[in-house]
Each structure stands twice: as structure tokens, then as C-alpha cells.
Amino acid sequence: MPVDVRVPVLGESVVEATVGAWLKREGEAVEAGESLVQLETEKVNVDVAADQAGVLGKIARHEGETVHPGDVLAIMDETAAAAPAPRSATDSAAVAPPAESPPASAEIDRPHASPVARRLAEEHGVDLGKVEGTGTGGRVTREDVERHLGTPAAAERPATTPPPAPPPAIAERSETRRRMSRRRLTIAQRLLEAQRIAAMLTTFNEADMSAIMEIRARRREAFQKRHGVGLGFMSFFTRAVIGALQSFPALNSEIRGDEIVEKHYYDIGIAVGAEGGLVVPVVRDADRKSFAELEREIAQLAEKVRGNTLTLEDLRGGTFTITNGGVYGSLMSTPILSLPQVGILGMHKIQQRPIAVDGQVVVRPMMYLALTYDHRIVDGREAVQFLVRVKELVEDPTALLLDL
């Protein structure tokens, strides 16, 4: 019986999506729970799976099309797989399986690889069970197979020798075009929106990282043994930001209409660079969490980003954001606000620099700090004092270490 495959409810405030890659082709058998197609939303990618086993019939919406919750994506025939046409004895003999049936692993791995990855694996004699999948839910992608083929172990296996590639065309004035993902489009729109709506201004300072680096060097091993997680910089800066927000609550506010809404909770967004664009998962009630809880949750969110398993709930809300361009080598930048937030702190690369201390020139590990704020409701005095307070807590973190 034909059954519609529809766009599911995508979450609060998400009203449309873009059809991504179809993981199955028309006429291909599908197991219950097996992913059919990926949908790109402004925040995360969502796999649409088959509710029951059957055969994928007509694909109604193709890659790149915009769809909304409830739209029909394809038609499934749920009876085709369950009731195959009977074969005569002659037919059965004609299609009798060979003496050696395919290895069981091939059947087990089939639902976990994209069609392109399976075809590439078959062409090169690759056992998909030995390929590490990096796609959604561990799915093996074409890139995973290509990466596996580049390993020495894969080189030892017999493979079909591809024909020699034609000589490369002159590419001095060539162009490559590709469709922008839904996430990239959303990032572009929101960055322009922030610049259009907010009166953004950035103030700078610098912090001596000696105290934090000494604490990390001295307590890192014991912290790891006790809590099972490493002691990084983000927990220190998260706690320092919360301390500064408590002193200057205007930075933990937002504008709604003609009112200023001041938040008395601290949901801190941690900006993380991902392959498809920057995402900002949120650590909720960060003021109530210990150093170990902060480090553990930040590590879990970063792992979700790498595995493309973030949920909409992981990204919802946030009252203030921290971004660290220093992991890429940035010495100084001017971060852009994530509306409706009115403040974002930029961390940067730690660099040994000469500074004057008590009349003497000494070399210290220094980090430039940047605070971008919305001048509509945050005055320059408050912004500067906020950043000075962050600097003070970073340079003398005694008040932050009560639970370390």
C-alpha cells in the first residue's frame, strides 16, 4: 500500500528545511528505521527514516528544494518488500545462489552506508565493515571510503584499476559553483541582520594567563583522575564571564519591543567551528555547574558538533556567548553578536609578550580579549568595566577556584 513520506516537525521556530542528499534511490528496498533522506535546517541536519520496511517509490522533492513540515517527500510501497512475487521452480533454479554466499558483514553494513559509498566500495573491493563512518549516526560516506582507500591496508587489497585520468584542463579562469547549505544561508542572513539591527561596538583588553596556566599545570593530572575529564581554559573563562555578568547584568539582557529583559539565569553559548559552519551549543545554568561539570558538558557538546549529532535543544536560547578564535591562531578579532544577545566575548591566542610589571620588563603569556556589545542598551562604561572584571578574574582566579 502506498504511504507518504512527509517532512517531520523540525522543532520550535524551525519552519522550513532544504532537501539534502537522498540516501536511497527510487525502486530500492528500505528497512524499517533506515534513513531515506537528509534535510538541512538552519541549525542541524535531520535524517528522515522509513517507519516500515518497503520499497521507495516516487521521489517527490529533490535535492536543493525548500520544504515545510507536512510536505510529501516521497511515496513508499510498504507491501512490495513484504510480498515478493513467487518464482517458478525453473526460475528458482536459474537464479540459484552460488556456492558461497556474500559475507554476512556486507548485509549488516548495507543500511549504514550511502548508495554512492556502497557503489565505490564494490568497485574497489572494500569491506564496508572495516570503514569508519563519519556521517550521521555512523553512516559510511563516499569520503570515508575514499579515505579508507588511501590507507596501506586498502592498498594491499585487489581493486579495479581506474582508467588514466585525462590531462587537467587549464584552470586559470575556471569557476566552481555549489549550492549554499541551509546552515550557511542562515549564518549569512543572521550576521547581516545583527549588523543592521544592533549598534555593535567592540572594546579590547589583555589578560596575563600566568595564574591559570600555573594552576592547570599543577592540578591537571589530579583533576583528570578525580573527574575523568581534562582541565581546559573554557571552564575558567565561563566562570569569569558569569562573575562579570553578575556585576554588570545589562550584558545578560535582551531587547523585546520597547522593553529591556534582564535574565537572572546564565545560559552560556560556546561557539564551535564545524565543517558546515559555526554553531553555538548552549551550556544551561552554567552558574550552578562546577569546573568538572562545565568541562564535561563542553566536551560533550564539542563531540556532538564533530559527530553532527547536535539537537535543536542543544542550540536553543543562550544569554551570552564566548568564542575562541585563538584555537585557529587569531591574535585579535571583533566578534559579531548572536541576536538577541547583547554581548559576546572573544578569546584569542596566548602569546609570550614583554610587559612592564612593577617597573621591570618581563615576558608573560598574554591573551587579547575582545567584548562586542550592543550599544543600544549597554553603555561604554559598563562594557569596559565588564571586560576589566573578566580580566581581573582570569589573572587572579582565586574566587573561581572554590570547587576545583
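Among contacts in the protein chain between residues at least 6 apart in sequence, what percentage join residues at least 24 apart? The answer is 63%, where contact means heavy atoms within 4.5 Å. This is a predicted model, in which local features need pLDDT of at least 70 and side-chain atom pairs count only at pLDDT 80 or more, while totals for chains, interfaces and linings use all residues. Residues are numbered from 1 along each chain as its sequence is written, and side-chain values use heavy atoms, with hydrogens and water left out.

**The chain as a whole**
- The protein chain has 11 helices and 17 strands; these are DSSP runs numbered from the N terminus (helices H or I, at least four residues; strands E, at least two).
- Of its 404 residues, 40% count as buried (buried is under 20% relative accessible area, exposed over 50%, partly exposed in between, with a 1.4 Å probe and protein chains only).

**A four-stranded sheet**
- Here you can trace an open sheet in the order β5-β4-β2-β7, with antiparallel pairing (two strands pair if DSSP finds at least two bridges between them).
- Its edge strands, β5 (45–49) and β7 (66–67), each pair on one side only.
- Five bridges link β5 with strand β4 (residues 35–40) in the antiparallel sense, and S35 stands opposite A49 in β5.
- T18 sits in strand β2 (residues 17–22) and is buried, with a relative accessible area of 4%.
- Leaving aside neighbours within four places in sequence, T18 is in contact with Q38, L39, E40, G64, E65, R179 and R182.

**Helix α8**
- Helix α8 (residues 234–247) has 14 residues and reaches 20 Å from its first C-alpha to its last, close to the 20 Å expected at 1.5 Å a residue (the expected span is 1.5 Å times one less than the number of residues).
- This helix is mostly covered, as 12 of its 14 residues are buried, including M234, F236, F237 and R239.

**The second largest pocket**
- Its volume is about 1200 Å³, meaning the space filled by probe spheres set on grid points joined across faces, edges and corners.
- A pocket is an open set of points on a 1 Å grid over the protein atoms alone, where a 1.4 Å probe fits, with protein on both sides within 12 Å along at least five of seven lines; lining residues have an atom within 4 Å of a point.
- Of the 43 residues that line this pocket, R190, V280, L315, S338 and L339 lie nearest its centre.
- α6 (182–197), β10 (253–256) and β14 (320–324) each supply at least two lining residues, and α6 gives the most, with eight.
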